[in-house]
Amino acid sequence: MSKANKDQQHPLYNRDRPIIENLLVGEATDYNLAELARLRIRYSSFPGARDIQSDLDKILVQWGLSEEELFEKTRALHSRGGIYKSRGKKEEEDWN
């Protein structure tokens, strides 16, 4: 039995879907750029979540960016720091 053609459900799909919905109607703010880059990395080689992958592509087009440009911008943002600071917490990173 081959699993090669079987799409999987991403364990964080239900948490990420609302974020993507916000990005689809949002603007390319520093925070939104960081979120888009984080999600592009998370889903880039995932065998499933095709709707999310398609929507992430749409957002890049809407914002007039290539993936390379997105990653270049977000590397600069992260090197300055503070993108994910909130409510007095230490900076958090989500590498799931």
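Trainee: Let's start simply: how many helices and strands does the protein have?

Mentor: This is a predicted model, and it has four helices and zero strands. From the N terminus on, the elements run α-α-α-α.

Trainee: What share of the 96 residues of the protein counts as buried?

Mentor: The share is 38% of the 96 residues. To be counted, a residue must have under 20% relative accessible area.

Trainee: Why is tyrosine 43 called buried?

Mentor: Its relative accessible area is 1%. The cut-off is under 20%, so tyrosine 43 is buried.

Trainee: And what makes tyrosine 31 partly exposed?

Mentor: Tyrosine 31 has a relative accessible area of 41%. Buried needs under 20% and exposed needs over 50%, so tyrosine 31 falls in between and is partly exposed.

Trainee: How many aromatic pairs does the count come to?

Mentor: The count comes to two aromatic pairs. One of them joins tyrosine 31 and tyrosine 84.

Trainee: Why is the pair of tyrosine 31 and tyrosine 84 called edge-to-face?

Mentor: Their ring centres are 5.7 Å apart, with 75° between the planes.

Trainee: What makes tyrosine 43 and phenylalanine 46 an edge-to-face pair?

Mentor: Here the centres are 6.3 Å apart and the planes stand at 85°. The limits are within 6.5 Å and over 60 degrees, so this pair is edge-to-face too. Phenylalanine 46 counts as buried, with 13% relative accessibility.

Trainee: Which residues touch the most other members of the largest nonpolar core?

Mentor: Among its 23 residues, they are Leu36, Tyr43, Leu56, Ile59 and Leu70. Helices H1 (13-25), H2 (30-43), H3 (50-62) and H4 (67-80) each give two or more residues to this core. H2 gives the most, with six residues.

Trainee: How do you know that isoleucine 59 touches Leu36?

Mentor: A contact means heavy atoms within 4.5 Å, and isoleucine 59 touches Ile20, Leu23, Leu24 and Leu36, leaving aside residues up to four places away in sequence.

Conventions
Residues are numbered from 1 along each chain as its sequence is written. This is a predicted model: local features need pLDDT of at least 70, side-chain atom pairs count only at pLDDT 80 or more; totals for chains, interfaces and linings use all residues. Side-chain values use heavy atoms; hydrogens and water are left out. Buried means under 20% relative accessible area, exposed over 50%, partly exposed in between (1.4 Å probe, protein chains only). A nonpolar core is a set of buried Ala, Val, Leu, Ile, Met, Phe, Trp, Tyr and Cys residues joined through side-chain atoms within 4.5 Å. Rings of Phe, Tyr and Trp (its six-membered ring) pair if their centres lie within 6.5 Å; planes under 30 degrees apart count as stacked, over 60 as edge-to-face and the rest as tilted.
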